[in-house]
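Work through the exercises below with the structure open. Each task is followed by a solution in steps.

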Amino acid sequence: MRAEDLRSFLAAQERKTLLRVLTCGSVDDGKSTLIGRLLYDTKLIFDDQLKTLEKDSRKHGTTGEDMDFALLVDGLEAEREQGITIDVAYRFFTTDKRKFIVADTPGHEQYTRNMATGASNSDLAIILVDARKGVLTQTRRHAFICSLLGIKHVALAINKIDLVDFSEEIFATIDTEFRDFAKQLAFQNIVSLPISARYGDNVIERSNRTPWYRGPSLLAHLETVDVETALAAKPFRLPVQWVNRPNLDFRGFAGTIVSGVVQTGDRVSVARSGRATTVSRIVTADGDLQKAVAGDAVTLTLAEEIDVSRGDLLVPPSDRPEVSDQFAAHMLWMAEDELLPGRQYLLKIGTRTVPASITELKHKIDVNNLEHFAAKTLHLNEVGFCNFSTTEPIAFDPYTENRDTGAFIVIDRFTNGTVGAGMIEFGLRRATNVHWQALDVNKEARAELKGQRPAILWFTGLSGSGKSTIANIVEQKLHAMGRHTYMLDGDNVRHGLNRDLGFTDADRVENIRRVAEAAKLFVDAGLIVLVSFISPFRSERRTARELVKPGEFLEVFVDAPLEVCMERDPKGLYKRAQAGEIKHFTGISSPYEAPDQPEIHLETATMPPEDAADRVIDLIRQAGVIL
Amino acid sequence: MTTTTAQKTAISHLKRLEAESIFIMREVAAEFRNPVMLYSIGKDSSVMLHLAMKAFYPSKPPFPLLHVDTGWKFREMISFRDATAKQLGLNLLVHTNEEGARRGINPFDSGSTVHTQVMKTEGLKQALDKYGFDAAFGGARRDEEKSRAKERIFSFRSAAHAWDPKNQRPELWRLFNTRVRQGESIRVFPLSNWTELDIWQYILSENIPIVPLYFAARRKVVERDGALIMRDDDRMKLKPGESEQERLIRFRTLGCYPLTGAIESGAATLEEIVAEMLAARTSERQGRVIDHDETASMEKKKREGYF
């Protein structure tokens, strides 16, 4: 390459933009072949990779003597053997005009979550259809997920057009059918293309075998489609990532502008507090900027000192997002364990992470036909429309207006797994009118009057382990010492407060949530509360623990082997559960998650109840609940 | 629908990649207790370090650099490493698997697989455990190798440092789940979406210093098993029939010198390297001896804890 060619090449690089593309198709639609073809024809396949490809084509290929481009892009060993792609894979190719990042996602129903993952960062989706089969259930599902995740541009690649004799009629029928279906979705533009990934027709160049087709080749479309969602024209939004304090004279707020424009001298507000200040500098390592736009990673310094920290959203005072602790959102569930409404999860939105729970699952959406139906929970790969409640207000925009400030992930507090992906629709305003009243007679005052410190003694263990027996003895001893106590157990709660609940996982979670809230109120009243429930899940016990102050929650693990409990079987419940008469019975047909670090661990197979109760009394003495 | 409006508001692809990497680094600095940046001295590490300097400017990056030294790196790499850390004023930690060194593990007698496993993979795990790091930046890119294409940007590792391809967290939007329990960690790859060409273009446009071995010069090499190996010290013995020849060579990738093949090239400047890249017909990993063992070798190494 001559020096001047190189210079013009490098100059062109400065203007080169980036496009993120999602490919989706059913099994055998030829998706991997298409990506392999794009990589091959844009000369992104190296000689050594080609050699491996030839070797692999002979070994695993499905295209006879021809090279199997699909093998270029399949990755992990297991998948290669099965001949399918099972995860999101990212591929790169480049032309003079654009660099492309291709998210390759599988077409199987059970992998909806992978497609949503790929879609969340994509500007455009290539939806593949087999010309012989037309619009299938999977095609509709892919289109719906793309639309739900906010993709505005669709290239409908009607593949294997060579196998239907390059028929214009078939092409037109599929095009019409797809457009009819897509009317209920939120796409801005749909371009249909007749292609053959295997032979390259209309992929890089327009094919002379489809003279009736007047549109661009797929690559030409990808190079020119304008996906600039006018991000710069939207209101300014900067989620603060990191506070930069190299010394006492510099205090900067680092983050990436997700939409809009900011200039020095602009007024900006902290969304949650509403406090406003002025941008004094836009700092970057390449020198200060006068103006920065969506996509720039910058550090702002502010003229007047106001309280700003990680998790805050900087916005224009005149165009602020919603701030609320309750909102409605679409959510895709991505975990093997089902969603449990009422359970506390963590929610990460922008750079803020807050505890949150689903207060109502309004309906589930069938991703195949968009029908709504009532549901109590969400399973892996299901989409629902839910109300959320967070423990503190968060700032957000509707997802359809801003993907960055309207999207959130849901994290399981115990496994730390990412279990849900949410897209906020609108805020719920009823929360704003509930204010806490400052009461002069408070918990401390009430407890002082009783000469004790309030606490929750939380007895957890299998049915028949001895929880209630021990708790009753403890309460009698405390009463005899003149302490003020209250007992919450299945007998007085299940028949009243929680009469409407059954024994499914979701109902168990709600049962414990209510018990924990009730216990918290009694603690506020200054009482020593004894809670005796199987409470099989760690998450709920943890939530209960976090409702009160550190030191006020004492977990008592009443532990006996299942065989011992079954032998005791004081209420005959195990027999009935084994006979199949009781469903969801802990230990038999429903799991029990033992505590990791209980305040006290009582092994009741070898310890008489009286001794166990004495040990609990010792514990609450040590904890300072009683003197 | 015109391209002119697109270009007016659009940021160039390199700027976009840069911003993405900076975002990732800031998330790690904000959310982890004790992060570290793995510094392997290669061109990708040079770019990663340059991005870290930018991400936290005017502060220094709020984490140390860690080099896992197998004892077999090119001497020029070591001097470049020390000069870089000194010049930037950064805290550089160097760790060698002393136990492996005592056992006499080396690339010649132990073979490349054992040498890499013990001195690199085990050495890395030792260092991560020793300092209790909960996040480690690595310079790996998705375009390097097929199994990397599916790697997350935030790649979860168990307390035993194992990578389970079936148990990785979905990664949506820019919302990275950084939560780990005691002992668990996350490997973070801020260059995931960069390609080799992007790296070279960025080095050129930002004028980033790199080890001189990347530039063509006349150097003495031995041809062994089809690879051109530079005899960096006399621990490498010549086999019968082998001889050192001076050739015009450079390296596309740098690692342990006995395991890193040179290419014949006259590209002595960054411009010439980029020009050569554009005409290149072999992928950079071809120079790495460890990838040739078997097709899916990289994936196996990753499961064992290799970066």
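The model is predicted.

**Exercise 1.** Classify the aromatic pair formed by A:Phe388 and A:Phe408, and state which parts of chain A the pair ties together.

Solution. 
- A pair of aromatic rings is described by the distance of the centres and the angle of the planes.
- For A:Phe388 and A:Phe408 the centres are 5.0 Å apart and the planes make an angle of 75 degrees.
- Planes over 60 degrees apart count as edge-to-face, so this pair is edge-to-face.
- A:Phe388 belongs to strand E20 (residues 383-396) and A:Phe408 to strand E21 (residues 407-411), so the pair ties together parts of chain A that are 20 residues apart in sequence.
- Both A:Phe388 and A:Phe408 are buried.
- Over all chains, a search of the whole structure finds 26 aromatic pairs.

**Exercise 2.** Describe how helices H7 and H8 of chain B cross.

Solution. 
- The axes of H7(B) (residues 196-206) and H8(B) (residues 270-279) come within 10 Å and cross at roughly 160 degrees.
- Angles over 145 degrees count as roughly antiparallel, so H7(B) is roughly antiparallel to H8(B).
- The crossing of H7(B) and H8(B) is left-handed.
- Residues making the contact include B:Trp200 and B:Leu204 of H7(B), and B:Ile273 and B:Met277 of H8(B).

Conventions:
Residues numbered from 1 in each chain as written. Chains lettered and ligands numbered in written order. Predicted model: local features only at pLDDT ≥ 70, side-chain atom pairs only at ≥ 80, totals over all residues. Heavy atoms only, no water. Phe/Tyr/Trp six-rings, centres within 6.5 Å; stacked < 30°, edge-to-face > 60°. Helix = DSSP H or I, 4+ residues; strand = E, 2+ residues; numbered from the N terminus. Buried < 20%, exposed > 50% of the residue type's maximum accessible area, 1.4 Å probe, protein only. Axes fitted to C-alpha atoms, helices over the stretch in contact; angles between N-to-C directions. Parallel < 35°, antiparallel > 145°, perpendicular 65-115°, else oblique. Left-handed = near helix turned anticlockwise from the far one by under 90°. Contact = heavy atoms within 4.5 Å.
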